[in-house]
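Subject: Structure handover and notes

Dear colleague,

I am passing this structure on to you, and my notes follow directly below it. Please read them with the structure open beside you.

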Amino acid sequence: MESKVRQAFKDMYHVEPEVIAKAPGRLEILGNHTDYNQGTVLSTAVDRAMTVAAMAIPGRECELTDIVTNSRRRFSLDNLAKPAKGDWSNYIKGLIVEMRKRGMEVPAFKAVLGGTVPMSAGMSSSAALEMAMLFALKKLAKSEISWLDCARIGQGCENNYVGANTGLMDQFSSLMGKAGQLVYSDFRSYEVSNVPIPAGTAFVVANCMVKHNLTNEYNERRAACEDAVKVLAGIYPGVSALRDVSPEQLEAAKDKLAAVSYRRALHVVGEISRVANGAAALSRGDCEGFGQLMFQSQYSSTHYFENSCEELDCLVDIAKNLPGALGARLSGGGFGGITVHLVRKETATEYMALLGKAYLERTGLKADIMACQAADGARYL
Ligand code: GLA
C-alpha cells in the first residue's frame with residue numbers, strides 16, 4: 001500500500017510527496033471501555049495501516065484523495081467550523097481544528113491516502129487515519145508534537161469534531177505499538193509499556209459483518225459510567241473515576257446505584273481487574289489463564305455492559321470448542337465489528353477455516369477472518 005500511495009501521488013501531481021507517514025490500526029486485547037474510566041488496557045497495533053503522502057501548497061484550498069474508496073474531498077482552511085455529517089474528511093478537518101487550538105497553523109496541502117484497516121469494524125481505522133494524517137500535517141506545519149499530545153489531538157478530533165466521546169486507547173495503540181508486543185497503557189498516569197506476546201500463540205480476528213450505530217450507544221455507556229462515579233464518590237471519599245473503585249466497594253454500593261449504572265460499572269471495574277490479572281498471567285507465561293480472562297471479558301460485555309450482539313456472541317461461542325482456542329472476546333467499542341481470538345499458532349489456519357464455516361452455518365453470514373500480527377506504531381517512511 002505504501003508504494004501504491006506514493007505512486008498515486010506522483011501520478012496525480014507529477015512530484016514526489018514532501019512527506020509519507022503510516023499509522024496502524026489496533027486490536028483491544030483486554031480492558032474494554034476502561035480507557036475513559038482512567039483504567040488500564042492491553043492492546044496491540046496491527047499489521048494493517050493507513051498511509052498518507054502529502055505536500056504543502058500555496059493558498060487555502062486542500063485536496064484529499066483516498067485511493068481505496070476512490071473518493072476525493074476538497075475544502076478550504078477557512079471553512080472548518082462545521083463538520084460534514086458522517087464524512088471521512090471530518091477526521092482530517094478535526095485534526096486541523098485541534099492543532100489550531102494548540103497554536104499550530106497547518107498550510108494548505110494535497111494528500112493521497114490509502115489504508116488496509118477494515119473500516120468501522122473495530123480495528124480503529126479512524127485512529128490510523130488520524131495518526132498518519134497528523135504525522136504528515138505536523139511535518140508540513142513544521143511543528144514538534146509529543147506522542148501524548150498527538151494522541152490527545154486525535155481524541156479531541158473524535159470528541160469535539162466527530163462527536164464520539166472516545167478515550168485515548170486507539171491513539172495510544174496506533175502510536176506506541178511494537179512488533180511482537182502488546183501495549184500496556186495506564187490511562188491515569190499515561191504510562192505505556194510493551195509486553196511480549198506469548199511464544200507459540202497468534203491472534204485471529206473475525207469481523208462479524210454487522211455494524212450498529214456506535215456513536216449514540218457509546219456515548220450512552222460513557223454517561224452511565226459517569227453516573228455511577230457520581231454516586232460512588234458520594235459514598236467513598238477519594239473516588240474520582242471507576243479506576244478508584246474495587247469490586248467489593250461496588251458490590252456494597254449496589255443498592256444505591258441505578259440498575260443500569262451498576263451493570264455498566266460492574267463491567268468496567270471487572271475489566272480493570274482482569275487487565276491486572278492478565279498482565280500477571282502473561283508475565284508467568286500462562287496463556288491459558290490469559291485466554292480465560294478474555295472469555296470472562298466477553299461474558300461481562302454480553303451481560304453487564306450490553307455492548308455485544310448476537311453475532312459477536314456467536315463467534316465467541318464457536319471459539320470455545322475450536323482446537324487451539326485459548327480465548328476470544330469482542331474488541332473495541334462493540335455493537336458489532338470484530339472479535340479477537342488468541343490461538344495456538346500451529347492451529348491458526350485450521351482455526352480460521354472452522355470458525356468461518358461454523359459462523360456461516362449458524363448465521364448465514366460470511367465473516368471476514370484474518371490472522372493479525374502485532375506491528376510497530378506510527379512512523380515516517
Ligand atoms: C472505542 C474507543 C476507545 C475505547 C474502546 C472500548 O474503540 O475509541 O477509546 O473506549 O472503544 O474499549
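Is Glu63 buried or exposed? Glu63 is buried, with a relative accessible area of 12%, where buried means under 20% relative accessible area, exposed over 50% and partly exposed in between, computed with a 1.4 Å probe on protein chains only.

Before going further, please note that this is a predicted model, in which local features need pLDDT of at least 70 and side-chain atom pairs count only at pLDDT 80 or more, while totals for chains, interfaces and linings use all residues. Residues are numbered from 1 along each chain as its sequence is written, and side-chain values use heavy atoms, with hydrogens and water left out.

Salt bridges

A search of the whole structure finds 25 salt bridges, a salt bridge being a side-chain nitrogen of Lys or Arg within 4 Å of a carboxyl oxygen of Asp or Glu. One of them joins Glu63 to Arg74, with the closest N and O atoms 2.7 Å apart. This pair links distant parts of the chain, since Glu63 is in strand β3 (residues 61-66) and Arg74 in strand β4 (residues 71-76), 11 residues apart; helices (H or I, at least four residues) and strands (E, at least two) are DSSP runs, numbered from the N terminus. Arg74 is exposed, at a relative accessible area of 59%.

Glu306 forms a salt bridge with Arg264, and here the closest N and O atoms are 2.7 Å apart. Glu306 lies in the loop between α9 (287-305) and α10 (310-319) and Arg264 in helix α8 (residues 259-283), so the pair ties together parts that are 42 residues apart in sequence. Glu306 counts as partly exposed at 31% relative accessibility, whereas Arg264, at 7%, counts as buried.

In helix α11 (residues 348-363), Glu361 and Lys357 are 4 residues apart, which means that about one helical turn separates them. Their side chains meet in a salt bridge (3.4 Å, N to O), and both residues are exposed. Finally, Glu28, Glu271, Arg274 and Arg329 are linked in a network of salt bridges.
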